[in-house]
Amino acid sequence: MKTKVTMDPERWKAEVLTKYPSKVAKKRAKSIVVNEGDEVKQIQANIRTIPGIITQRGCTYAGCKGVVLGPTRDIINLVHGPIGCSFYAWLTRRNQTLPPTEDSPNFMMYSFSTDMQDSNIVFGGETKLKQAIREAFEIFKPKNIGIFSTCPVGLIGDDVHAVAREMKAELGINIFGFSCEGYKGVSQSAGHHIANNQIFKHVVGLNDTPVEGKFKVNLLGEYNIGGDAFELERIFEKVGITLISTFSGNSTIDSFELAHHADLNMIMCHRSINYLAEMMETKFGIPWIKVNFIGADATAKSLRKIAQYFGDAGLAAKVEEVIAEEMALVAKELESIKARTQDKTAMMFVGGSRAHHYQELFNELGMKTLSAGYEFGHRDDYEGRRVIPTIQVDADSRNIEEIHVEADPTRYKPRKTEAELKALEEQGLKFSEYEGMMTEMEKGALVIDDISHYEMEKLVEMYEPDVFCAGIKEKYCVQKMGIPLKQLHSYDYGGPYAGFEGAVNFYKDIDMIVSTSIWKMVKAPWQKESVIEAEYAL
Amino acid sequence: MELAIKKTETFTSTRNACKLCSPLGASLVFKGIEGCIPMIHGSQGCATYIRRYMISHYKEPVDIASSNFSEETTIYGGNKNFCTGIDNVRHMYNPAVIGIASTCLSETIGEDIPRLIREYAQLHEGEQIPVFIHASTPSYQGSHMDGFHETVLSAVASLANEGATSKQINIFSGFISPADIRYIKEICDDFGVEYMVFPDYSDTLDNPHWKDYQLIPEGGTPVAQIQNAANAIASIEFGTIMNKLVSTSKSSVAHTAGEWLEKHHSVPNTRMPLPIGIEASDVFFKTLETISGIPTPRHHARERGRLVDAYVDGHKYVFGKRAIVFGEEDMVLSMVAFLHEIGIETVLAGSGGESNSLKKEIDALTSGLYPNMIVMNNLDFETINEMVDELKPDIFIGNSKGYYIARRLKKPIVRIGFPIHDRFGAQRLHHIGYRGTQELFDRIVNALIEYKQEHSPVGYKYI
């Protein structure tokens with residue numbers, strides 16, 4: 001057993017900050033918080049990364065095209081810009097899709113780009129963009145085309161929205177643009193918001209054909225990485241819940257058009273998709289609740305919440321039956337693994353919800369989360385939504401359009417009466433609420449927003465966690481330091497990790513990681529011998 | 001009369017590009033300089049995406065800083081972000097060199113990076129500041145290869161200076177794998193010559209496991225060697241296409257580092273295709289012999305002999321097969337010549353590169369023996385996908401991005417070049433010289449045998 005350094009987190013913070021220039025240290029100090037446990041402290045989040053500090057964060061375009069629109073198969077996502085942006089977002093997130101038939105439209109294998117050249121920068125790229133849209137239409141006959149603006153587009157003044165309107169009229173299909181230039185926001189979070197706005201404005205509610213089903217829901221903020229959505233679809237089907245649409249994993253624009261028929265919106269990743277839930281509630285009267293299907297217990301809890309919301313005895317009984325059946329299998333697997341994972345430690349720096357959700361899975365394994373943080377979360381994702389009114393709006397947030405939504409004159413329909421909602425609240429079902437990550441973390445845990453490369457190195461060096469969770473950019477750096485890294489963006493080719501079967505997959509993968517013997521070989525035999533020789537020499 | 005070959009439509013948009021953007025090429029070269037941290041002047045997303053892509057291929061830490069433009073920066077200019085970025089990189093890494101690549105964003109707003117560097121140096125006069133290298137790499141000009149060669153040229157042009165004569169041989173090895181670079185160094189060591197391989201990312205992008213974490217990974221071409229390039233006895237350049245498109249459009253006097261050294265410092269330059277195949281490798285070894293006056297060491301001569309032996313033993317598996325080759329132009333060119341050498345006919349050779357000289361170069365290298373070969377510049381994968389059924393290929397040779405086409409056709413794909421993110425060990429693949437050719441030959445033969453074996457109705461164990 002290796003002995004672990006247990007350093008006081010406040011001392012760790014002080015030591016790390018000394019390495020920064022004083023201005024940077026002052027700024028970073030507010031983003032590093034030692035969790036109090038009972039009272040949630042304020043953390044600085046969603047502010048610009050300082051130039052020259054190596055960050056995990058991506059750009060606005062990445063959040064819009066790559067994250068929110070990426071996993072939807074029946075839309076051509078045309079990137080207006082030089083070639084790199086489209087290439088880099090070409091299926092890199094490992095989100096999967098399963099069209100019902102071979103002929104169903106699926107453009108996810110493609111990366112479309114206007115591939116802007118010198119002359120387009122000088123003379124404007126609108127003509128080329130229009131031509132590219134016409135081509136896309138002629139070749140692929142899509143029903144939907146999205147246009148994504150990259151950095152130079154905003155600068156040279158191409159109006160993608162005007163082009164979208166013109167081409168929509170010309171071709172008679174749904175075409176809409178996104179002003180998601182990379183420099184626009186603090187991180188990919190800005191891109192999520194822009195994507196939410198445009199999907200709401202141009203897609204949601206387009207199809208009024210009634211949807212069959214007794215318990216109709218949408219799942220928001222589940223991106224089908226490694227097949228997570230497939231597992232959740234399996235569970236919903238088993239308990240008899242009708243999933244109209246998932247924003248956005250294994251998803252279609254067709255299903256988004258029907259989303260307003262749902263009676264409940266369930267939010268997984270609060271950061272990337274809460275805007276859509278809020279807007280759907282205002283316009284159509286669909287309430288939303290926060291759920292989490294990462295972790296077997298969390299999945300059971302979330303299923304019970306849904307049953308509670310619908311208040312149907314049959315559904316509640318079915319949910320309990322499925323939980324009992326699934327949990328028996330989960331418990332059996334966990335029993336044999338937990339002996340090896342118990343009391344091990346983990347850290348996770350990822351996403352806008354994963355760093356929170358995955359703590360559940362580690363809890364189930366008996367592992368302790370020493371430190372966690374988001375890459376692009378906001379204060380409400382850390383401290384809970386109650387702090388929203390106190391969040392300062394800066395220039396970067398002001399950049400993103402806030403669309404004004406009103407109740408739909410004909411289609412707004414409250415799903416529950418005020419009294420019903422109140423009764424449910426009293427029973428513990430919270431609407432439009434997210435408590436944030438910090439309330440559920442232990443006292444003394446380090447919460448770090450937008451962790452820098454350097455801080456990550458110091459964390460690993462001083463706390464030596466048994467597993468560090470982040471993404472591929474961090475992976476080999478952490479592993480060079482002798483600590484295994486689990487990717488929670490792409491799951492390292494593993495998964496699914498959601499739901500019951502997913503939890504078991506995760507237990508097995510973590511067992512494998514913390515039990516591997518490779519670290520014993522880091523030192524070669526002759527290196528070990530040389531130490532002995534040196535001692536003799538003394 | 002209708003043409004026998006179906007006319008290929010040229011499209012405005014690119015569907016599944018067969019090229020990456022030029023700041024990625026610049027970042028690769030910066031990773032090949034000792035003590036260097038790259039910084040991308042533009043949006044933070046560019047640094048993140050490029051890191052992400054390089055890391056998934058090399059499976060190594062890749063630190064690239066960014067000056068992190070905001071909307072405000074795009075209006076008022078990047079001066080402040082540039083200075084803060086450099087200050088922070090210096091503070092955290094204390095690098096010997098900072099390599100700065102521009103992006104479409106900074107180039108569009110007209111950032112004058114040489115001026116920013118000058119001003120920074122003035123502001124910090126008297127301090128020990130890093131060496132700055134700047135490459136102009138807007139992604140709307142050319143591909144990652146143009147960015148790569150542009151950066152090699154600008155590093156040499158800004159650092160090389162005349163001094164005492166030296167015995168150094170400059171080797172500008174182009175975009176090859178870390179294993180390839182290590183092999184070139186081994187060859188030069190065995191010849192016993194003084195040499196510089198630039199860029200040398202053989203360690204920085206493929207390091208052993210460390211006992212203590214290295215903020216800046218060891219390895220890379222030392223700045224002193226790049227400075228000394230002006231005094232070298234000769235330069236060798238791999239690649240005959242290089243950055244033709246961009247250098248022509250900029251009408252620079254010299255296109256490449258080798259040319260520049262020849263013009264400005266009279267260092268004789270020998271340019272040759274990437275040495276893939278026996279003939280091409282012979283040219284490389286012969287050139288080393290001529291420059292050094294030393295015969296090829298026995299060790300390498302025997303490697304050549306074994307390769308010939310393998311060609312003899314393996315020809316029956318490969319002869320007459322039809323291949324589709326795609327990737328970087330110089331890699332495609334040399335691969336086609338190698339396939340010609342082993343009797344595989346390339347039916348389609350393509351690249352997203354924009355030099356428009358791939359066909360001419362291939363014809364020259366294969367003595368015009370394949371008039372029906374489709375050779376395409378500005379190519380994207382979907383164009384290959386549309387043409388491929390008629391071409392009836394037996395094998396695909398190129399990077400991971402072509403996998404979906406091979407999968408549709410249920411044909412083998414041998415992965416070479418960049419990016420390879422659906423197989424393990426890309427950084428350790430050899431492509432060049434007798435050793436690299438041997439490895440490639442074995443992989444191609446085995447891919448074809450495996451295919452035949454899997455599709456045989458009877459199954460067999462002996463070959």
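Begin by selecting chain B of this predicted model and colouring its two domains separately: domain 1 covers residues 22-274, and domain 2 covers residues 300-455. The centres of these two domains of chain B, taken over C-alpha atoms, are 29 Å apart.

Next, turn to the place where the two domains of chain B meet. Here 28 residues of domain 1 are in contact with 30 residues of domain 2. On the domain 1 side, select helix H2 (44-58), helix H8 (178-191) and helix H10 (244-249) of chain B; these are the elements that give two or more residues to the side touching domain 2. Which of them provides the largest share of that side? It is H8(B), with six residues.

Along the principal axes, the C-alpha atoms of chain B fill a box of roughly 75 × 55 × 50 Å. Of the 463 residues in chain B, 57% are buried. Among contacts in chain B with a separation of 6 or more, 74% join residues 24 or more positions apart.

Domain 1 of chain A spans 60-184, whereas domain 2 of chain A is made of two segments, 216-340 and 378-426. Their centres, taken over C-alpha atoms, are separated by 28 Å. The contact takes 16 residues from domain 1 of chain A and 15 residues from domain 2 of chain A. By class, the domain 1 side of this contact in chain A has five nonpolar, five polar and six charged residues.

Finally, look into the interior. In soluble globular proteins, nonpolar side chains tend to be buried together. The largest nonpolar core here has 279 residues; select Leu276(A), Met348(A), Val447(A), Cys469(A) and Val156(B), which touch the most other members. Centre the view on Met348(A). Which residues does Met348(A) touch, not counting residues up to four places away in sequence? They are Ala355(A), Tyr358(A), Thr369(A), Ala372(A), Cys469(A) and Leu488(A).

Terms used: Residues numbered from 1 in each chain as written. Chains lettered and ligands numbered in written order. Predicted model: local features only at pLDDT ≥ 70, side-chain atom pairs only at ≥ 80, totals over all residues. Domains from an automatic or database assignment. Contact = placed C-beta atoms within 7 Å. Helix = DSSP H or I, 4+ residues; strand = E, 2+ residues; numbered from the N terminus. Nonpolar A, V, L, I, M, F, W, Y, C, P; charged D, E, K, R; others polar. Buried ≥ 20, exposed ≤ 12 C-beta atoms within 10 Å, placed from the backbone. Core = buried A, V, L, I, M, F, W, Y, C linked by C-beta atoms within 7 Å.
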